[in-house]
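The following exercises are to be worked through with the sequence and the coordinates at hand. Each task is followed by a solution in steps.

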Amino acid sequence: RLRHVLVRQDTSETLPRHFRDTSAAGVGSAMCSYNKIRTRWSCENPETLQRDLKERLGFRGWVMSDWGATHSMSLAQGLDQEMPGADFMNAAAIEAALASGEVDASRIDDAALRILTPLFGVGAFDINNTNTQRNNVSTPAHTALARSLAARSVVLLKNNGVLPLDRTKPLRVALFGKSARAPVVGGGGSGAVVPAFVPSPYDAIRARLGLSAGTGDCGLLDASEAEGPCVAQSDGDDTLAAYELARRSDIAVVFVATSSGEGSDRASLSFDGNADLLVRAVAAAKGRRTVVACVAPGAALTPWAGEVGAVTYAFLPGQEYADGLADVLFGDVNPSAHLPLTLPRAENEVGFTDAMWPGVGDKQRVASYSEGLLVGYRWYNAHNATPAFPFGHGLSYTTFALAGLRASPTRVTVTVTNTGRRPGAAAPQLYLTFPPSAGEPPGQLRGFAQAQLEPGESAEVRFPLRARDMSVWNATTHAWQLVHGSFGVAVGLSSRDAAALRGAFRSP
């Protein structure tokens with residue numbers, strides 16, 4: 001068991017912003033976790049469930065426990081549903097709680113309403129469910145949407161011009177890594193979904209090159225008859241053989257991946273197997289004509305990024321990843337995604353101690369969040385540290401320019417222009433730096449937007465500001481407090497964009 005010790009400012013300034021936005025978006029359910037928060041189990045903590053989530057943030061959905069995370073009759077504390085059984089919140093226990101006055105009847109009605117309303121809202125009761133888990137309920141429209149989402153979620157981390165690939169040329173393409181044939185598209189555990197089919201990048205790239213079954217096999221590319229277009233594939237176990245295959249190809253694409261699941265943590269931030277050795281062996285042969293396609297559930301290390309021509313990054317992208325990635329590699333889709341986290345240069349680059357994670361103690365480990373507000377990109381900004389790839393980073397096959405920054409306490413406005421030759425989507429991001437007296441990390445994200453632009457086209461992007469965006473949590477009054485003074489403004493295409501527009505305004 002793990003108990004978490006937090007500073008009030010930490011929980012009230014970082015987490016509620018996200019929960020507030022998801023509540024406003026109409027999210028139907030939330031789940032409480034296994035650990036303790038301070039001294040109370042998460043699923044029976046009235047501060048976080050009832051007061052913070054439901055009352056202060058206005059969450060209208062229902063709260064269910066993680067499997068086996070319920071420890072008591074917790075309806076009065078804000079828990080709406082015990083999962084997976086009913087050891088503590090069964091009919092008899094609820095009747096007893098009603099009789100003793102521990103739970104009011106109105107709270108039972110509230111829990112039922114919170115559960116049923118979102119289910120009716122998504123049409124769960126519109127048609128009698130006669131399906132089984134073995135049924136394939138996908139449709140061509142669902143598959144097309146999955147492909148579009150997979151392509152749009154691929155982050156282009158680096159590109160020296162090798163991408164997009166030109167399908168009109170007789171390319172001899174060499175693919176490396178086991179996930180070229182069996183891609184990693186999701187994680188493990190109860191959240192895992194088993195798709196009806198999962199296309200492979202090998203087949204998707206062959207299709208892009210117009211190759212039919214039985215044609216276009218490059219073999220080992222060691223004979224003159226191995227003319228393009230053709231595709232060769234190696235699992236990469238033998239890095240010397242991979243080097244030779246890459247040397248004889250026109251383009252080398254290395255597939256690296258790692259995944260995660262319930263019940264355990266990743267052993268490291270590295271990709272699985274011999275990924276790093278394989279990338280470096282292929283890059284030694286092909287250099288800037290090497291593309292690395294990464295899949296991970298979160299942050300991973302990319303120590304070879306400087307040795308290759310292009311790097312793509314996808315976060316467990318789903319069953320249509322192969323075709324979606326091929327859409328990006330060949331330019332049918334212009335990449336527009338941006339990193340939702342920071343990619344570090346080394347393991348534990350932020351310097352967590354054991355007391356911070358995984359916690360210390362014998363009978364019960366205690367993890368103390370002594371890092372305060374310096375989480376993720378905020379740590380890098382506060383320490384002026386350079387990550388491998390910063391939060392918010394993402395490239396395109398076109399280029400964009402920002403101009404005309406105007407800033408006030410109610411709105412920040414910029415003009416973004418597509419300065420390249422392809423249509424594309426820009427994603428300007430707004431970061432605010434509080435007055436020094438507030439004690440806040442510099443450069444905090446307060447908004448982002450996307451603008452789809454044709455070559456030469458411009459658009460005005462507006463970021464509305466709320467009083468909450470310029471406030472800090474007062475742990476004494478348990479309320480948000482507006483900070484007065486001069487706020488620094490930066491609008492760029494990542495959290496560390498050297499070309500970001502900068503300005504300032506004074507809060508009222």
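Predicted model: local features only at pLDDT ≥ 70, side-chain atom pairs only at ≥ 80, totals over all residues.

**Exercise 1. The disulfide**

Determine how many disulfides the model contains, and describe the geometry and surroundings of what is found.

Solution. 
- Step 1. The criterion is a pair of cysteine sulfur atoms within 2.5 Å. The sulfur atoms of Cys32 and Cys43 are 2.1 Å apart, and these residues form a disulfide. The count by this rule is one disulfide.
- Step 2. Cys32 belongs to strand E2 (residues 29-32), whereas Cys43 sits in the loop between strand E4 (40-41) and helix H3 (47-56), so the pair ties together parts that are eleven residues apart in sequence.
- Step 3. About the S-S bond of Cys32 and Cys43 the torsion is about 105°, and the disulfide is therefore right-handed.
- Step 4. Cys32 has 3% relative accessibility and counts as buried. For Cys43 the value is 2%, and this residue also counts as buried.

**Exercise 2. The pairing of strand E7**

Which strands pair with E7, and in what sense?

Solution. 
- Step 1. E7 pairs with strand E8 (residues 230-234) in the parallel sense, over five bridges. Within this pairing, Val173 stands opposite Val231 in E8.
- Step 2. E7 is also joined to strand E9 (residues 251-257) by four bridges, and these two strands run parallel. Here Phe176 stands opposite Val254 in E9.
- Step 3. Strand E7 (residues 172-176) is mostly covered, with four of its five residues buried.

**Exercise 3. The position of Gly228**

Solution. 
- Step 1. Gly228 lies in the loop between helix H7 (201-208) and E8.
- Step 2. Its relative accessibility is 25%, so Gly228 counts as partly exposed.
- Step 3. Leaving aside residues up to four places away in sequence, Gly228 touches Pro170, Leu171 and Arg172. Arg172 falls within the range of E7 (residues 172-176).
- Step 4. Pro199 is 29 residues from Gly228 along the chain, and their C-alpha atoms are separated by 23 Å.

**Exercise 4. An enclosed space**

How many cavities of 30 Å³ or more does a search of the whole structure find, and what lines the second largest cavity?

Solution. 
- Step 1. The search finds two cavities of 30 Å³ or more. The second largest cavity holds about 40 Å³ of space.
- Step 2. Its lining consists of Ser179, Pro183, Val184, Phe255, Val256, Ala257, Ala293, Val295 and Tyr321.
- Step 3. E9 gives the largest share, three residues.
- Step 4. By class, the lining of this cavity comprises eight nonpolar residues, one polar and no charged.

**Exercise 5. An open space**

Solution. 
- Step 1. The second largest pocket contains about 510 Å³ of space.
- Step 2. Its lining is made up of 22 residues, and Val193, Val194, Pro195, Ala196 and Gln319 lie nearest the centre.
- Step 3. The lining residues of this pocket divide into eleven nonpolar, nine polar and two charged.

Definitions and conventions. Residues numbered from 1 in each chain as written. Heavy atoms only, no water. Buried < 20%, exposed > 50% of the residue type's maximum accessible area, 1.4 Å probe, protein only. Pairing = 2+ DSSP bridges. 1 Å grid on protein atoms, 1.4 Å probe; cavity = no way out; pocket = protein on both sides within 12 Å on 5 of 7 lines; lining within 4 Å. Points joined across faces, edges and corners; volume = space filled by probe spheres on them. Nonpolar A, V, L, I, M, F, W, Y, C, P; charged D, E, K, R; others polar. Contact = heavy atoms within 4.5 Å.
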